[in-house]
Amino acid sequence: MVFGLTFDKLLIVAVIAVFLIGPERLPTYAGKLAQLVRSLRDFANGAKDRMREEMGPEFDEVDWKKLDPRQYDPRRIIREALLDDAPAEAPSAIKPVTQSVYAQGRMPLAAGAVPPFDLEAT
(Lines give C-alpha, C1' and ligand atoms only; values in the text may rest on other atoms or scores of the structure.)
Protein backbone atom coordinates (compact mmCIF):
# COMPACT_ATOMS: atom_id res chain seq x y z
CA MET A 1 0.00 0.00 0.00
CA VAL A 2 1.30 3.41 -0.97
CA PHE A 3 -0.34 6.40 0.77
CA GLY A 4 -3.29 4.17 1.70
CA LEU A 5 -3.86 3.11 -1.91
CA THR A 6 -4.26 -0.56 -2.69
CA PHE A 7 -3.16 -2.15 -5.94
CA ASP A 8 -6.73 -2.04 -7.29
CA LYS A 9 -7.01 1.71 -6.67
CA LEU A 10 -3.60 2.37 -8.25
CA LEU A 11 -4.64 0.37 -11.31
CA ILE A 12 -7.83 2.41 -11.67
CA VAL A 13 -5.86 5.67 -11.35
CA ALA A 14 -3.42 4.44 -14.01
CA VAL A 15 -6.24 3.56 -16.42
CA ILE A 16 -7.89 6.96 -15.90
CA ALA A 17 -4.50 8.64 -16.46
CA VAL A 18 -4.08 6.75 -19.74
CA PHE A 19 -7.45 8.00 -20.95
CA LEU A 20 -6.95 11.60 -19.78
CA ILE A 21 -3.35 12.04 -20.91
CA GLY A 22 -3.63 10.00 -24.06
CA PRO A 23 -1.29 7.42 -25.54
CA GLU A 24 0.83 10.01 -27.40
CA ARG A 25 1.77 12.02 -24.26
CA LEU A 26 1.87 9.10 -21.80
CA PRO A 27 5.57 8.18 -22.38
CA THR A 28 6.61 11.79 -21.73
CA TYR A 29 4.74 11.96 -18.42
CA ALA A 30 5.92 8.50 -17.41
CA GLY A 31 9.50 9.66 -17.97
CA LYS A 32 8.88 12.79 -15.89
CA LEU A 33 7.40 10.66 -13.10
CA ALA A 34 10.42 8.34 -13.20
CA GLN A 35 12.75 11.36 -13.08
CA LEU A 36 10.83 12.77 -10.08
CA VAL A 37 11.05 9.46 -8.22
CA ARG A 38 14.78 9.23 -9.00
CA SER A 39 15.44 12.78 -7.78
CA LEU A 40 13.48 12.17 -4.55
CA ARG A 41 15.45 8.97 -3.93
CA ASP A 42 18.74 10.79 -4.57
CA PHE A 43 17.66 13.60 -2.23
CA ALA A 44 16.86 11.10 0.56
CA ASN A 45 20.15 9.26 0.04
CA GLY A 46 22.06 12.55 0.04
CA ALA A 47 20.42 13.58 3.31
CA LYS A 48 21.27 10.21 4.84
CA ASP A 49 24.88 10.46 3.65
CA ARG A 50 25.19 13.96 5.04
CA MET A 51 23.81 12.84 8.42
CA ARG A 52 26.27 9.93 8.46
CA GLU A 53 29.11 12.34 7.59
CA GLU A 54 28.17 14.87 10.28
CA MET A 55 27.37 12.39 13.05
CA GLY A 56 30.32 10.13 12.39
CA PRO A 57 30.34 6.54 13.61
CA GLU A 58 27.46 7.21 16.05
CA PHE A 59 25.04 7.32 13.08
CA ASP A 60 24.93 3.53 12.79
CA GLU A 61 24.45 3.12 16.55
CA VAL A 62 21.27 5.23 16.74
CA ASP A 63 18.00 3.29 17.06
CA TRP A 64 15.96 5.27 14.51
CA LYS A 65 12.75 3.33 15.17
CA LYS A 66 12.85 4.51 18.76
CA LEU A 67 12.81 8.14 17.54
CA ASP A 68 9.84 7.64 15.18
CA PRO A 69 7.14 10.15 16.22
CA ARG A 70 4.38 7.86 14.97
CA GLN A 71 5.01 5.48 17.86
CA TYR A 72 4.02 8.06 20.48
CA ASP A 73 0.43 7.88 21.64
CA PRO A 74 -0.47 10.92 23.76
CA ARG A 75 -3.21 8.98 25.56
CA ARG A 76 -0.74 6.27 26.59
CA ILE A 77 1.83 8.83 27.76
CA ILE A 78 -0.75 10.66 29.90
CA ARG A 79 -2.15 7.39 31.25
CA GLU A 80 1.32 6.23 32.28
CA ALA A 81 2.07 9.59 33.90
CA LEU A 82 -1.19 9.59 35.86
CA LEU A 83 -0.96 5.97 36.94
CA ASP A 84 2.63 6.31 38.09
CA ASP A 85 2.84 4.59 41.49
CA ALA A 86 5.85 6.57 42.71
CA PRO A 87 4.68 9.07 45.37
CA ALA A 88 5.52 12.67 44.69
CA GLU A 89 8.05 13.96 47.19
CA ALA A 90 7.11 17.25 48.81
CA PRO A 91 10.07 19.55 49.39
CA SER A 92 10.80 19.57 53.11
CA ALA A 93 12.56 22.95 53.17
CA ILE A 94 9.52 24.90 52.00
CA LYS A 95 7.06 25.78 54.75
CA PRO A 96 3.73 27.44 54.24
CA VAL A 97 3.55 31.15 55.11
CA THR A 98 1.15 31.71 57.98
CA GLN A 99 2.11 35.26 58.91
CA SER A 100 3.60 38.22 57.17
CA VAL A 101 7.21 39.23 57.77
CA TYR A 102 6.17 42.23 59.89
CA ALA A 103 3.98 40.05 62.10
CA GLN A 104 6.85 37.65 62.82
CA GLY A 105 8.41 39.45 65.79
CA ARG A 106 8.50 42.99 64.45
CA MET A 107 6.61 45.83 65.91
CA PRO A 108 3.67 47.09 63.88
CA LEU A 109 3.96 50.61 62.50
CA ALA A 110 2.47 53.36 64.56
CA ALA A 111 -0.42 55.30 63.15
CA GLY A 112 0.87 57.86 60.63
CA ALA A 113 4.43 56.41 60.60
CA VAL A 114 6.24 56.05 57.28
CA PRO A 115 7.27 52.48 56.39
CA PRO A 116 10.97 51.85 55.70
CA PHE A 117 12.01 52.62 52.12
CA ASP A 118 15.25 51.74 50.33
CA LEU A 119 16.06 54.07 47.43
CA GLU A 120 18.62 51.69 45.92
CA ALA A 121 16.23 48.73 45.89
CA THR A 122 13.73 50.27 43.49
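Three salt bridges are counted in this predicted model, a salt bridge being a side-chain nitrogen of Lys or Arg within 4 Å of a carboxyl oxygen of Asp or Glu. The model is a predicted one, in which local features need pLDDT of at least 70 and side-chain atom pairs count only at pLDDT 80 or more, while totals for chains, interfaces and linings use all residues. Residues are numbered from 1 along each chain as its sequence is written, and side-chain values use heavy atoms, with hydrogens and water left out.

One of the salt bridges joins the side chains of R50 and E54, at 2.9 Å from N to O. These two residues lie 4 residues apart in helix α2 (residues 26-55), and are therefore separated by about one helical turn; helices are DSSP runs of H or I with at least four residues, numbered from the N terminus. R50 is exposed at 55% relative accessibility, and E54 is likewise exposed at 55%, where exposed means over 50% relative accessible area, buried under 20% and partly exposed in between, with a 1.4 Å probe and protein chains only.

In helix α3 (residues 74-82), R76 and E80 are also 4 residues apart, about one helical turn, and they form a salt bridge whose closest N and O atoms are 3.3 Å apart. R76 is partly exposed, with a relative accessibility of 30%. A further salt bridge links R75 with D73 at 3.4 Å, N to O; of this pair, R75 is exposed at 61%, whereas D73 is partly exposed at 25%.

On the surface, F7, L11, V15 and F19 form a nonpolar patch with about 480 Å² of accessible area together. Patches of this kind consist of residues with over 30% relative accessible area and no salt bridge, nonpolar side chains being joined within 5 Å, and the areas come from the Shrake-Rupley method with a 1.4 Å probe.

The largest pocket holds about 190 Å³ of space, a pocket being an open set of points on a 1 Å grid, with protein on both sides within 12 Å along at least five of seven lines, and lining residues having an atom within 4 Å of a point. Helices α1 and α2 each supply at least two residues of this lining, and α2 gives the most, with 5 residues. The lining, which includes V18, I21, Y29 and K32, has 8 nonpolar, no polar and 1 charged residues.

Note on methods
Patch = residues over 30% accessible without salt bridge, like charges linked within 9 Å, V, L, I, M, F, W, Y side chains within 5 Å. 1 Å grid on protein atoms, 1.4 Å probe; cavity = no way out; pocket = protein on both sides within 12 Å on 5 of 7 lines; lining within 4 Å. Points joined across faces, edges and corners; volume = space filled by probe spheres on them. Nonpolar A, V, L, I, M, F, W, Y, C, P; charged D, E, K, R; others polar.
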